[in-house]
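Here's a quick briefing for anyone meeting this structure for the first time. Have a look at the sequence and the model, then read on.

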Amino acid sequence: EERECHFLEGNLRAKKQVQYAKKLLDEVGIDSSRVEMFNMGASDAQKFTGAADEMTKRARELGPNPLMPKGKSIL
């Protein structure tokens, strides 16, 4: 699927951006597993819901941003 992007090489460029973002998060002390890239087709609803469930589970397990002052929220 990685080389089957409708936008030619867009997913390959996105993969590099995600890898860079993960590196930056690690450097500032935030677990890089908070960011992930999933390859899927536009019509692959089951894979999308699986990815959304995985990231929701991961976010709950990791908890709030460790660098956010207690009592503060971005929302």
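Is Arg58 buried or exposed? Arg58 counts as buried, at 16% relative accessibility; buried means under 20% relative accessible area, exposed means over 50%, and partly exposed is in between, using a 1.4 Å probe and protein chains only. Before going further, note that this is a predicted model, where local features need pLDDT of at least 70, side-chain atom pairs count only at pLDDT 80 or more, and totals for chains, interfaces and linings use all residues. Residues are numbered from 1 along each chain as its sequence is written, and side-chain values use heavy atoms, with hydrogens and water left out.

**The big picture**

- The chain has two helices and zero strands; both kinds of element are DSSP runs numbered from the N terminus, with helices being H or I over at least four residues and strands being E over at least two.
- There are 75 residues in the chain, and 11% of them count as buried.
- The accessible surface comes to about 6,300 Å², and 56% of that belongs to carbon and sulfur atoms; such areas come from the Shrake-Rupley method with a 1.4 Å probe, and for residues only the protein chains shown count as cover.
- Take the contacts in the chain with a separation of 6 or more: residues 24 or more positions apart account for 37% of them, where contact means heavy atoms within 4.5 Å.

**Helix α1**

- Asn11, Val18, Lys22 and Leu25 are the buried residues to look for in α1.
- Seen down the axis of α1, its buried residues fall within an arc of 60°, so they line one face of the helix; the arc is that of the directions from the helix axis to the C-beta atoms.
- Over on the other side of α1, you'll find Arg13, Lys16, Gln17 and Glu27 exposed.
- Gly29 follows α1 and has a positive phi, near 90°.

**The loop between the helices**

- Ser32 sits in the loop between α1 and α2, and at 12% relative accessibility Ser32 counts as buried.
- The side chains of Ser32 and Asp26 are joined by a polar contact of 3.2 Å; that term means a pair of N or O atoms within 3.5 Å, where within protein one must be able to donate a hydrogen and the other to accept it, and residues adjacent in sequence count only if both atoms are side-chain atoms.
- Not counting residues up to four places away in sequence, Ser32 touches Lys22, Leu25 and Asp26.
- Met37 is in the loop between α1 and α2 too, and counts as partly exposed at 26% relative accessibility.
- Leaving aside neighbours within four places in sequence, Met37 is in contact with Asn11, Ala14, Lys15 and Val18.
- Met37 and Val18 are 19 residues apart in sequence, yet their C-alpha atoms are 6.8 Å apart in space.

**Helix α2**

- For α2, 18 residues at 1.5 Å a residue should span 26 Å, which agrees with the 26 Å between its end C-alpha atoms.
- Just after α2 comes Gly63, with a positive phi of about 75°.

**Salt bridges**

- The whole structure has five salt bridges, each being a side-chain nitrogen of Lys or Arg within 4 Å of a carboxyl oxygen of Asp or Glu.
- One of them pairs Glu36 with Lys22, with the closest N and O atoms 3.5 Å apart.
- That pair links distant parts of the chain, 14 residues apart: Glu36 is in the loop between α1 (10-28) and α2 (45-62), while Lys22 is in helix α1.
- Glu36 is partly exposed, with a relative accessible area of 36%, whereas Lys22 is buried at 19%.
- Arg58 and Glu54 form another, at 3.0 Å from N to O.
- Arg58 and Glu54 are separated by about one helical turn because they are four residues apart in helix α2.
- Glu54 counts as partly exposed, at 33% relative accessibility.
- Lys22, Glu36, Glu54 and Arg58 are linked in a network of salt bridges.
- Lys57 and Glu61 also meet in a salt bridge, at 4.0 Å from N to O, and both residues are exposed.
- Lys57 and Glu61 are four residues apart in helix α2, so about one helical turn separates them.

Terms used:
Expected span 1.5 Å × (residues − 1).
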